[in-house]
Amino acid sequence: MEELGKLIREAEESVFISRRKGRSSGTTFTAVIVCGEDLAFTANVGDSRSCIAVEDPDGGFDAVDLTVDHVAAGNAQERERIEKAGGRISKFGGSHRVMSPTGECALAPTRSVGDIEFGQTVVIADPEVTEVKLTAAHKYIVTASDGLWEFLDRQTVMNQVVNCENVSGAAMDLVKYSQSEWFKTCGGYCDDISLVVCELPFKNWMDMRDTLPNDLAEQGDKKIQTVRRSENQEVIRCHTLTGLQN
């Protein structure tokens with residue numbers, strides 16, 4: 001996992017520092033690395049988030065965070081780290097944020113990749129890494145950028161995933177709902193909304209040949225350049241978000 005941190009910092013160097021582009025337009029980072037069927041690692045920088053669905057004995061599902069948001073508003077440890085590093089936190093736009101040295105820019109996350117004008121020892125790109133022991137009770141992992149979580153909590157997101165016939169359809173509808181809430185609340189502005197849903201155990205979907213149209217599956221081990229939908233392939237979509245109102 002030290003190598004992952006090194007790769008993130010190298011990306012920051014090559015994209016934001018050496019090219020001097022986007023000096024006040026960095027990015028958060030979150031990833032889940034599934035190792036076999038009983039182990040996963042999470043790595044997180046900023047306020048994108050990953051969570052997991054845990055099935056209880058009664059057949060219900062609880063959503064559990066796999067990552068901790070690095071934000072000035074709700075993370076006391078991060079606020080303390082920022083202040084010890086010489087950074088400044090002030091109330092801005094109704095919430096505590098990290099201020100740039102000039103006071104012209106404010107940042108909600110306390111860690112990011114590329115916001116170098118805040119100082120690389122203040123707003124750091126170091127990922128927080130956790131180890132997760134997977135069991136048969138773990139059914140879904142959701143990893144998403146902070147734009148999704150602005151208007152949806154982890155349990156609402158996971159309820160939609162587990163109650164939908166098709167997780168891809170659930171993911172698309174969650175993104176569309178979040179986008180509509182951004183436009184409703186902020187006019188023409190919408191934050192980045194990226195979402196990945198992983199069904200567990202991993203072996204259930206490692207063999208993608210079972211889900212491909214016949215003409216592609218027959219290619220065997222040949223490299224597939226494009227995937228087109230066959231005429232009789234049915235695409236199941238969820239059109240209504242469970243428990244949500246537009």
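The model is a predicted one, in which local features need pLDDT of at least 70 and side-chain atom pairs count only at pLDDT 80 or more, while totals for chains, interfaces and linings use all residues. Residues are numbered from 1 along each chain as its sequence is written, and side-chain values use heavy atoms, with hydrogens and water left out.

## Strands and sheets

Helices (H or I, at least four residues) and strands (E, at least two) are DSSP runs numbered from the N terminus, and two strands are taken to pair if DSSP finds at least two bridges between them.

Strand β6 (residues 95–99) runs antiparallel to β7 and is joined to it by two bridges, with Val-98 opposite Leu-107 in β7.

Strand β3 is mostly covered, as five of its seven residues are buried. It pairs with β9 over six bridges in the antiparallel sense, and Cys-51 has Val-142 in β9 as its bridge partner. Strand β3 is also joined by five antiparallel bridges to strand β4 (residues 61–65), where Ala-63 is the bridge partner of Ala-53. These two strands, β3 and β4, form a hairpin with five residues between them, and Gly-59 in the turn has a positive phi of about 95°.

## Salt bridges

Side chains of opposite charge can pair when their charged atoms come close. The structure holds nine salt bridges, each defined as a side-chain nitrogen of Lys or Arg within 4 Å of a carboxyl oxygen of Asp or Glu. In one of them, the side chains of Asp-126 and Arg-9 meet at 2.7 Å, N to O. Because Asp-126 lies in the loop between β7 and β8 and Arg-9 in helix α1 (residues 2–17), this pair ties together parts that are 117 residues apart in sequence. Arg-9 also has its C-alpha atom 9.1 Å from that of Gly-114, although the two residues are 105 residues apart along the chain.

Another salt bridge is formed by the side chains of Lys-139 and Glu-55, at 3.7 Å from N to O. This pair links distant parts of the chain, with Lys-139 in strand β9 (residues 138–144) and Glu-55 in strand β3 (residues 49–55), 84 residues apart. The side chain of Glu-131 meets that of Lys-133 in a salt bridge of 3.2 Å, N to O. Glu-78, Arg-81 and Arg-111 are linked in a network of salt bridges.

The table gives the accessibility of several partners.

| Residue | Relative accessibility | Class |
|---|---|---|
| Asp-126 | 30% | partly exposed |
| Arg-9 | 37% | partly exposed |
| Lys-139 | 23% | partly exposed |
| Glu-55 | 32% | partly exposed |
| Lys-133 | 56% | exposed |

On a 1 Å grid over the protein atoms alone, a pocket is an open set of points with protein on both sides within 12 Å along at least five of seven lines, whereas a cavity is a set where a 1.4 Å probe fits but cannot get out; lining residues have an atom within 4 Å of a point. Grid points are joined across faces, edges and corners, and a volume is the space filled by probe spheres set on the points. The largest pocket holds about 860 Å³ of space. It is lined by 39 residues, of which Asp-47, Ala-108, Pro-109, Asp-146 and Asp-191 are the closest to its centre. At least two lining residues come from each of β1, β6, β7, β9, α3 (146–149) and β10 (195–199). By class, the lining has 16 nonpolar, 14 polar and nine charged residues, where Ala, Val, Leu, Ile, Met, Phe, Trp, Tyr, Cys and Pro count as nonpolar, Asp, Glu, Lys and Arg as charged, and the others, Gly among them, as polar.

Finally, Leu-200 and Pro-201 are joined by a cis peptide bond, with omega about 0°, and Pro-201 is placed in the loop between β10 and α6 (214–217).

Notes:
Buried means under 20% relative accessible area, exposed over 50%, partly exposed in between (1.4 Å probe, protein chains only).
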